[in-house]
Amino acid sequence: MLKTRIIPCLDVADGRVVKGVNFVDLIDAGDPVESARAYDAAGADELCFLDIHATHENRGTMYDLATRTAEQCFMPLTIGGGVRTTEDVRNLLLAGADKVSFNSAAVADPDVIARAADHFGSQCIVCAIDAKTIEWDAEGNPTKWAIFTHGGRKAALDKDGHPIDAVEFAKLIESKGAGEILLTSMDRDGTRAGFNIAMTRTIADTVNIPVIASGGVGNLDHLVEGVTEGHASAVLAASIFHFGDYTIQEAKEYMASKGIPMRLN
Amino acid sequence: MLTALVDYDSGNLHSAHKAFERMARERGEGTIVVTSEPDVVAKADRIVLPGDGAFPACKKQLFDYSGLFEAISEAVTEKGRPFMGICIGMQMLATRGLEYEETKGFDWIGGEVVKIEPSDPALKVPHMGWNNLHLEGAHPVLEGIETGDHAYFVHSYHFKVADPAHRLAYVNYGEEVTAIVARDNIIGTQFHPEKSQRAGLRIVSNFLGWKP
């Protein structure tokens, strides 16, 4: 049966891993290719590179990283950050990425997803959605989530000046041909308090494409909750793996012990 | 020995190229070339047809290269050269595809390519990620591969073969989804061997040494 995926994400700036990766046997912890190799050997199911500066001038560095990673890691590689046009997608795919993730550009113009999916196939087009809870019911349960851009600092507004509803936006980009949604809860990101479960479940149950849960993982139970309660098809995490709190194998074995189908061999 | 990876502008060839190159190097034999040239395909000892995307678009793109399909067809069906299709490159072996519209395939392996319709509504389409293979028959390209080994899939349609003998492996995804087909000198994988780590590289290596 299909296994739940664990996807370590590396934040990259100017060709170097930003947060650093704390593995034994790593010659250069700041080199994304070295880190990718370590995750490949550790049994990660996919890898994600996020270009956090994504200035036009350093695109070439990202292409070079994709090429070098693809030469050594025979597993799916997603690259995101600063992707704006179908030409960006083409360049990243040619360089060696297997999937490319849109974010702000898809909020500004959802049709860019359609153009990219028509050209390259939905299977390689990911849409990243960064969202925060903006409404709660009388009992304090979250009921509405809105899209944020610019690292969660700026609320995205529609043409009438209203916040963009994350659930409606997820449906929209699914209809445009996105193959997968990378859903990050901006109110949880970096808190280590766990995923925004209500938002993850609402969106995962609404769309028929896979949803990757992201933002807020602090321990292995959070990964389990993302799948069992959040209904995510995959979980993405950065710091718990980078800093050596847990290995990929520990996470997989723990999730399997909770009844989640995992790829253990 | 020359292995041609056919480039018809369908998706990402980089990782496939690197995987085949690496295994050719490990085996100490052969050259891998990425090509759209019928002449190169015609003289290749082995042919690999990769591809990502929708069936009608991929078929059209392939046939837009004048003489390319004819060169593949002659090498495979007349000269018996080993052939491997990957993902859409495997699906196009069918009699016809039903993605968006009915499109004729090569009809090298009888059957239809139909939408995956899992009985469980919680199962998403595309079928994306790692699934474990159930082998149904032995084959030289599957040497060292066992039932339970994982492979990486990403697709929304799958190949329903007309003759069960042509299906070598399936995976469970609410129904039995075809993973590997084969007939004579032809083999096809729905999954991406080039992204399937150990098992995938083993299949690539076996293919490079296959003498049907």
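Helix H5 (residues 111-120) of chain A has as its buried residues Val112(A), Ile113(A), Ala114(A), Ala116(A), Ala117(A) and Phe120(A), where buried means under 20% relative accessible area with a 1.4 Å probe and protein chains only. This is a predicted model, in which local features need pLDDT of at least 70 and side-chain atom pairs count only at pLDDT 80 or more, while totals for chains, interfaces and linings use all residues. Residues are numbered from 1 along each chain as its sequence is written, chains are lettered from A in the order in which they are written, and side-chain values use heavy atoms, with hydrogens and water left out.

**Helix H5 of chain A**

- The cover over the buried residues of H5(A) includes H3, strand S5 (99-102), helix H4 (104-108), strand S6 (125-136) and helix H6 (166-176) of chain A; helices (H or I, at least four residues) and strands (E, at least two) are DSSP runs numbered from the N terminus.
- After H5(A) comes Gly121(A), with a positive phi near 95°.

**Helices H2 and H3 of chain A**

- The axes of helix H2 (residues 59-72) and helix H3 (residues 86-95) of chain A come within 7 Å and cross at roughly 35°, the axes being lines fitted to C-alpha atoms over the stretch in contact and the angles running from 0 to 180 degrees between N-to-C directions.
- On the H2(A) side the contact (heavy atoms within 4.5 Å) is made by Arg59(A), Tyr63(A), Ala66(A) and Thr67(A), and on the H3(A) side by Asn91(A), Leu92(A) and Ala95(A).

**Annotated site in chain B**

- An unreviewed UniProt entry carries the annotation "active site" for Cys87(B), His192(B) and Glu194(B), and such annotations may be inferred rather than shown by experiment.
- These residues span 108 residues in sequence, yet no two of their C-alpha atoms are more than 11.1 Å apart, so they gather at one spot.
- Cys87(B) lies in the loop between strand S4 (83-86) and helix H5 (88-91) of chain B, and Cys87(B) is buried, with a relative accessible area of 4%.
- His192(B) sits in the loop between strand S14 (186-189) and helix H6 (197-209) of chain B and is likewise buried, at a relative accessible area of 2%.
- Beyond four places in sequence, the residues that His192(B) contacts are Gly51(B), Asp52(B), Ile86(B), Cys87(B), Tyr152(B) and Val154(B).
- Between the side chains of His192(B) and Asp52(B) there is a polar contact of 3.4 Å, a term for a pair of N or O atoms within 3.5 Å of which, within protein, one must be able to donate a hydrogen and the other to accept it, residues adjacent in sequence counting only if both atoms are side-chain atoms.

Key: Buried means under 20% relative accessible area, exposed over 50%, partly exposed in between (1.4 Å probe, protein chains only).
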